[in-house]
Amino acid sequence: PTREAIDPVRYISNYSSGKQGYAIAAAAVALGAETVLVSGPVDLPIPPGVQLIPVTSAVEMLAASERELPSDIAIFTAAVADWRVAEEKNQKIKKDKSGIPDLKFVENPDILQTIAKRTSKRPTLVIGFAAETENLVENARDKLKKKGCDLIVANDVSKEHGVFGGDKNTVQLVSASGVESWGLLSKQDVAQRLMAQLAAQLTAGKA
Ligand code: PMT
């Protein structure tokens, strides 16, 4: 069977509830943007007015994101797994006498970096997120450079902040022009402020 034909029995993934990404999609619609949301499996309602493209792997997420180009703004909030198993099995891997399976991994494509470094149809604004547990701004600056995006929204995902799955986020916006700290906000407020700022930037660029 193809990947689409089977439900995964065992899989390796990064955790994310999708709340921050879905809030951003809703905020984009509220500003009148034609909005496409490429999303892994989450347990959230589809925001009204958003076109949802469901995916279950990084490879599918990259392909779907590239198919949607050109676009003015591309925002990457997904917690993409950096690696995937090299060989996907068509049947359940049974627990048997051969012991713990010796899984081999290959690197997943970096979706944000691939889109940000495109020489054709690069979105005008490419925004990444950085989930960090230490050296937040320093790591975000490195990501900004390495991935070639215009802005990194860095969030501290240390356990005590409860960002993963929670309703609040404390973010710092890191760009070539400096660092902006927003303090503790709801994910909706982060989304609305972010989209308002990006819309203003886009309009200023086109003026
Ligand atoms: O979904 P919630 O529960 O609301 O939580 C929100 C969040 C914490 C997941 C979100 O705010 C967030 O920080 N998302 C990015 C998480 C992450 O995986 O960061 P990273 O530092 O590994 O990756 C940096 C950037 O590269 C991200 O924009 C990521 O989408 C992108 N990336 C990473 C790996 C990869 N193979 N492809 C990518 O595009």
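Helices (H or I, at least four residues) and strands (E, at least two) are DSSP runs, numbered from the N terminus. The model is predicted, and local features need pLDDT of at least 70, side-chain atom pairs count only at pLDDT 80 or more, while totals for chains, interfaces and linings use all residues. Residues are numbered from 1 along each chain as its sequence is written, and side-chain values use heavy atoms, with hydrogens and water left out.

**View 1. Elements and residues of the shell around the ligand.** At least two shell residues come from each of α1, α3 (111-116), β6 (125-132) and α4 (136-147). The largest contribution, four residues, is that of β6. Among the 27 residues around the ligand (a heavy atom within 4 Å), the nearest are S16, S17, A78, K143 and N155. The shell comprises 13 nonpolar, eight polar and six charged residues; Gly is counted as polar in this scheme.

View 2. Polar contacts are pairs of N or O atoms within 3.5 Å. A ligand nitrogen atom lies 3.1 Å from a polar backbone atom of I111. Ligand oxygen atoms are placed 2.8 Å from a polar backbone atom of L112 and 2.7 Å from one of G165. The protein buries 95% of the 770 Å² that the ligand exposes when taken alone (Shrake-Rupley method, 1.4 Å probe).

**View 3. Position and exposure of I12.** I12 is located in the segment before α1 (19-30). Its relative accessible area is 49%, so I12 is partly exposed (between buried, under 20%, and exposed, over 50%; 1.4 Å probe, protein chains only).

Terms used. Polar contact = N/O pair within 3.5 Å; in protein donor to acceptor, adjacent residues only side chain to side chain.
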